[in-house]
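The exercises below look at how two parts of one chain meet. Please work through each task with the model in view before reading its solution.

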Amino acid sequence: MNAAHTAYATAATHLGRAFLLVGQPDPAMEHLHAALDHGLPGGIEPHLPLLIAEAERCVTRGDHREAIQRWQDIAALQADATPEVIYHRLSAAYAANRAGFGGNQTENALWGDVSKHTLLAWLHRWLQPVLYLEIGVDEGVSLACASGAAIGIDPRPELRLSVELPPTARIVASSSDAFFASQAHTLLQPAPELAFIDGMHLFEFALRDLIHTEQHMAPWGLVVLDDIYPCHPAQACRRRRTGSWTGDVWKLLPILRQHRPDLTLLCLNAHTTGLLLIAGLDASNTALAPVYLEAVRRYRPIAEPPDAVLERHGAIPSDHPLVVELLQLLRQARQRQWPAQQVQAALAPVRERIAAAEQARAH
Ligand SMILES: C[S@@+](CC[C@H](N)C(=O)[O-])C[C@H]1O[C@@H](n2cnc3c(N)ncnc32)[C@H](O)[C@@H]1O
């Protein structure tokens, strides 16, 4: 970092702190992230006491909805170094929030064809994964779709499950970053064959989740990513202001298309906010990690999803024959224990048909 960058970072930090102190967290976050992007000397650490004090002030005055944003802001600034206690404070704010999140009917609308949980249960029946990994458990509805061995990751210390989980399901109370840093190598044995990423709804968290998940997946595995299609721009805001909230997870698709052209990506028009099926996984592929920071800097400032995302251009109906074709191929790959390169080669014709189907639905 040169002197100009350091000077910019320092100035941006002062601005960020000033906005925070006058109760304007949106520009505060923009400036603090810009400061970090420019190599803020000492990182965000020296500024955490102020950020935490401001979040606690929201709690004290009973504004739990704003407190949720503030704890999440702190997590966004600390990224994979976020301590679990921040997630615990976030979780407590969620539990205490009686004000909902706002947004009008249009902003909270949801659509799609088959429900994501119906689809997930169907994927479980098809693939019968030897191990299922889920990031983001909440009330347990998606984890309950598993019938075999399953591990659900969620940093909330106490989950309020609304369903009964199968006895083969296990919940690990941890953020996904902490889980992958310390427990994944021992707990993700055998390699998961199905994974559902539905944790923090900020694209850089979902991107890290995907990078880490792929490192553990079987080559014939399938990763399912939730929330790729916000139904309204308000749902895609990074700081939540609607009940229905996808955050900016939609940004993963252009990032993957650019940096991982080897993956097979199938966007489903699922209810409520679409699902992305990701196959052709390669645990040894290292293409995403080096471009992570650049992608985060480029995509974080983008406030609104393009119309093509909002209108689900190219989305494939969830009951399209291509989905079964993909699953059949993954099953065959498992039976024959194909290595990643062989799975990817076998997927090539499926990818061509997916591209043609997307093209036909692009407008
Ligand atoms: C949308 S809910 C999950 C819903 C669930 N998958 C379902 O479909 O029934 C998101 C969950 O992700 C959890 N979460 C937030 N940040 C996370 C993180 N860093 N790692 C793992 N889970 C996280 C939240 O606590 C919340 O319970």
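**Exercise 1.** Find how much area domain 1 and domain 2 bury between them, and which residues of domain 1 supply much of its share.

*Solution.* Domain 1 and domain 2 together bury about 1,800 Å², with 49% of it on carbon and sulfur atoms; buried area here is the accessible area (1.4 Å probe) that two parts lose on being put together, summed over both. On the side of domain 1, Asp37, Gln72 and Tyr87 supply 28% of the area buried against domain 2, more than any other three residues. The model is a predicted one, in which local features need pLDDT of at least 70 and side-chain atom pairs count only at pLDDT 80 or more, while totals for chains, interfaces and linings use all residues. Residues are numbered from 1 along each chain as its sequence is written, and side-chain values use heavy atoms, with hydrogens and water left out.

**Exercise 2.** Locate the two domains and state how many residues of each are in contact.

*Solution.* Domain 1 covers 3–96 and domain 2 covers 109–360, with bounds that come from an automatic or database domain assignment. Their C-alpha centres lie 28 Å apart. Across the boundary, 21 residues of domain 1 are in contact (heavy atoms within 4.5 Å) with 19 residues of domain 2.
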